[in-house]
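Please keep the sequence and the model open while reading.

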Amino acid sequence: MSKVNRNLIIAIALLAIAPFVLYPVFLAKVLCFALFALAFNLLLGYAGILSFGHAAFLGTGGYITGWAMLNTGMSTELAILLGTAAGAALGAIYGKLAIKREGIYFAMITLALAQLTFFLYLQAPFTGGENGMQGIPRGELFGFIDLTNNLTMYYVVALIFLFGYAVVSRAIHSPFGQVLKAIRENEPRAISLGYDVNKYKWVAFVISAALSALAGSTKTIVFQLASLTDVHWHMSGEVILMTLVGGVGTLMGPIVGASLIVTMQNYLSTGEMGNYIHIIMGFVFVICVLSFRNGIVGQWNKFKAKNF
Amino acid sequence: MQANSSDFILQTTDLVKEFKGFTAVSDVNLNVQRGHIHALIGPNGAGKTTVFNLLTKFLQPTRGKIAFNGKDITRMQPAEIARLGIIRSFQISAVFPHLTVLENVRVALQRKENHSMHFWRSDKILNSLNDRAHELLESVGLGEFANTVTTDLAYGRKRALEIATTLALDPELMLLDEPTQGMGHEDVGRTADLIRKVSKNRTILMVEHNLQVVSKLADRITVLQRGAILTEGDYDTVSQDPQVREAYMGTEAPQEASA
Ligand SMILES: Nc1ncnc2c1ncn2[C@@H]1O[C@H](COP(=O)(O)OP(=O)(O)O)[C@@H](O)[C@H]1O
Ligand SMILES: [Mg+2]
């Protein structure tokens with residue numbers, strides 16, 4: 001058995017038994033954010049593009065799926081699909097607008113577009129404004145799998161997560177991914193070889209936006225809630241944090257980073273430390289960036305390469 | 001200069017590039033004959049790299065026209081230029097540092113395949129390009145380094161890799177910006193031989209500081225000084241030119257040369 005296959009089986013086994021050790025809804029939340037960070041890292045880690053507006057896609061997935069569940073009576077998987085498609089479409093437009101710019105200008109435009117999105121959702125009649133969209137039914141998957149059971153819900157999220165992981169993993173290890181890496185490594189050289197680099201970046205951006213929306217849609221079903229938190233620029237910052245802490249440009253990094261940050265938030269926000277959560281996360285970030293620039297997974301890979 | 005214009009693969013007409021009032025390239029009329037190795041020489045800051053950037057559209061000219069095979073390419077995008085068959089190398093080593101040596105060449109080979117957008121397919125299909133990539137690496141003496149991560153390569157070898165990558169696209173016109181710069185004596189000789197070898201059936205325009213290499217390779221030489229063409233001709237003509245001796249080659253007035 002190849003090493004990749006073995007790792008995959010271990011991962012699936014872990015996902016399968018995890019809800020018997022930890023609270024399923026908590027795990028589902030971790031997986032949603034892990035997917036979000038994976039999607040984000042496809043851009044930052046493999047195309048070298050820093051987006052500071054990914055909350056727009058997470059939030060769009062959530063709102064559209066929530067709206068569909070509340071208003072259309074469609075089954076859950078279609079509502080999730082619709083949210084994902086909406087995120088992809090928004091990504092297609094925002095990508096077109098932003099990708100002509102480079103580096104910090106790109107980040108600024110994505111931030112501006114995400115802020116625009118935030119205000120649109122704040123004002124739009126269907127989002128519930130400051131209160132958010134509440135009481136969204138989880139519905140039934142394919143019309144017959146009842147999702148009100150948290151364990152069932154968790155396994156559905158785990159499958160969605162695995163699907164997202166497969167998409168990112170394949171995209172990275174595809175002919176397309178190879179060009180993307182070349183662009184990250186040396187953009188002028190890639191251009192001089194005849195690649196329309198903006199097209200490649202745009203496709204990566206749309207895939208990333210779609211998967212971010214998928215994460216948002218799924219999260220909305222799990223928590224039966226869509227709110228402004230998910231489109232706030234804090235969220236765009238958080239996904240950067242997760243990716244950098246875990247290890248940018250590795251497949252496992254965003255997953256580790258998301259798990260760590262979500263766990264910290266969960267434990268800290270309930271205790272009396274809740275008021276200091278942003279300060280504490282800021283500290284974690286600074287320590288991580290200063291002591292291991294490649295993130296936890298990047299550092300681990302280095303350590304492994306040296307010692308084994 | 002009586003050659004028919006169809007003998008010229010590349011022609012510029014009154015090419016000008018100004019940077020905030022500073023003229024880096026001034027009314028350059030460059031005529032590169034098909035099949036030639038054409039050298040562009042001149043002191044540092046003469047505008048040679050800027051000319052390359054104009055030809056490959058990495059910079060937009062302020063004025064003037066560029067024609068490739070008689071076709072006006074002045075307003076095209078850099079990637080389009082590459083797909084027309086003009087491939088450049090860069091003065092500062094242009095490799096993909098964290099890809100392997102083989103992958104560097106393969107990225108170039110991949111461009112002519114039609115699966116580069118396919119994000120849903122396994123990259124194993126790229127293995128069909130490995131034989132060709134190995135051949136190219138052998139031709140520049142890098143065969144044994146195929147699986148080395150490029151960043152670990154010595155500088156001279158990185159430059160050789162650049163040539164292999166450029167060759168991978170089998171360009172009709174190859175632009176080399178100081179291909180031997182920073183190389184040891186032996187590597188310079190080898191690279192010069194390589195350039196001669198690959199010049200068959202194609203045209204090469206190269207910026208080169210090493211005059212021995214220029215004398216050995218160039219069919220025609222254009223001397224640039226302060227953005228303008230000082231003189232043109234074969235090596236003997238150019239090296240006899242008193243202005244050139246003074247401005248570039250000579251030891252008589254080095255201060256002026258670097259002014
Ligand atoms: N992007 C730029 N902006 C401003 N000045 C530039 C730029 N690129 C080149 N120059 C200037 O143009 C002149 C020619 O530079 P260059 O073409 O690199 O010379 P060469 O390659 O002949 O050594 C130099 O004085 C350089 O400082
Ligand atoms: Mg130069």
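The sections below describe the model by topic.

## Basis of the report

This is a predicted model, in which local features need pLDDT of at least 70 and side-chain atom pairs count only at pLDDT 80 or more, while totals for chains, interfaces and linings use all residues. Residues are numbered from 1 along each chain as its sequence is written, chains are lettered from A and ligands numbered from 1 in the order in which they are written, and side-chain values use heavy atoms, with hydrogens and water left out.

Helices (H or I, at least four residues) and strands (E, at least two) are DSSP runs, numbered from the N terminus.

B:Thr49 is partly exposed, at a relative accessible area of 26%, and B:Gln91 is likewise partly exposed, at 23%. On this scale buried means under 20% relative accessible area, exposed means over 50%, and partly exposed lies in between (1.4 Å probe, protein chains only).

## The interface between chains B and A

Contact, defined as heavy atoms within 4.5 Å, joins 35 residues of chain B to 25 residues of chain A. The two chains bury about 2600 Å² between them, 63% of it on carbon and sulfur atoms, where buried area is the accessible area (1.4 Å probe) that two parts lose on being put together, summed over both. In chain B, the residues that lose the most area to chain A are B:Phe96, B:Met117 and B:Phe119, which together make up 25% of what that side buries.

Between chain B and chain A, 15 residue pairs are in polar contact, with both residues at pLDDT 80 or more; a polar contact is a pair of N or O atoms within 3.5 Å, and within protein one must be able to donate a hydrogen and the other to accept it, while residues adjacent in sequence count only if both atoms are side-chain atoms. On the side of chain B that touches chain A, helix 2 (78-84), strand 7, helix 3 and helix 5 (155-168) each give two or more residues. That side divides into 19 nonpolar, nine polar and seven charged residues, with Ala, Val, Leu, Ile, Met, Phe, Trp, Tyr, Cys and Pro counted as nonpolar, Asp, Glu, Lys and Arg as charged, and the others, Gly among them, as polar.

## Helix 3 and buried positions

Helix 3 of chain B is mostly covered, with nine of its ten residues buried; among them are B:Asn104, B:Arg106 and B:Gln110. These buried residues pack against helix 7 (175-185) of chain A, as well as against helix 4 (130-139) and helix 5 of chain B.

B:Glu162, in helix 5 of chain B, counts as buried at 1% relative accessibility, and its contacts, leaving out residues up to four places away in sequence, include A:Arg189 and B:Phe90. In chain A, A:Gly164 is found in helix 6 (residues 150-172) and is buried, with a relative accessible area of 0%; with the residues up to four places away again left out, A:Gly164 touches A:Leu35 and A:Leu211.

## Salt bridges

The structure holds twelve salt bridges over all chains, each being a side-chain nitrogen of Lys or Arg within 4 Å of a carboxyl oxygen of Asp or Glu. One salt bridge is found across the interface of chain B and chain A: A:Asp196 pairs with B:Arg83, the closest N and O atoms being 3.2 Å apart.

Within chain A, the side chains of A:Lys201 and A:Glu187 meet in a salt bridge (3.1 Å, N to O); A:Lys201 is buried at 7% relative accessibility, and A:Glu187 is buried at 17%. Within chain B, B:Glu18 and B:Arg63 form a salt bridge at 3.5 Å, N to O, linking strand 1 (residues 8-19) to strand 5 (residues 63-68) across 45 residues.
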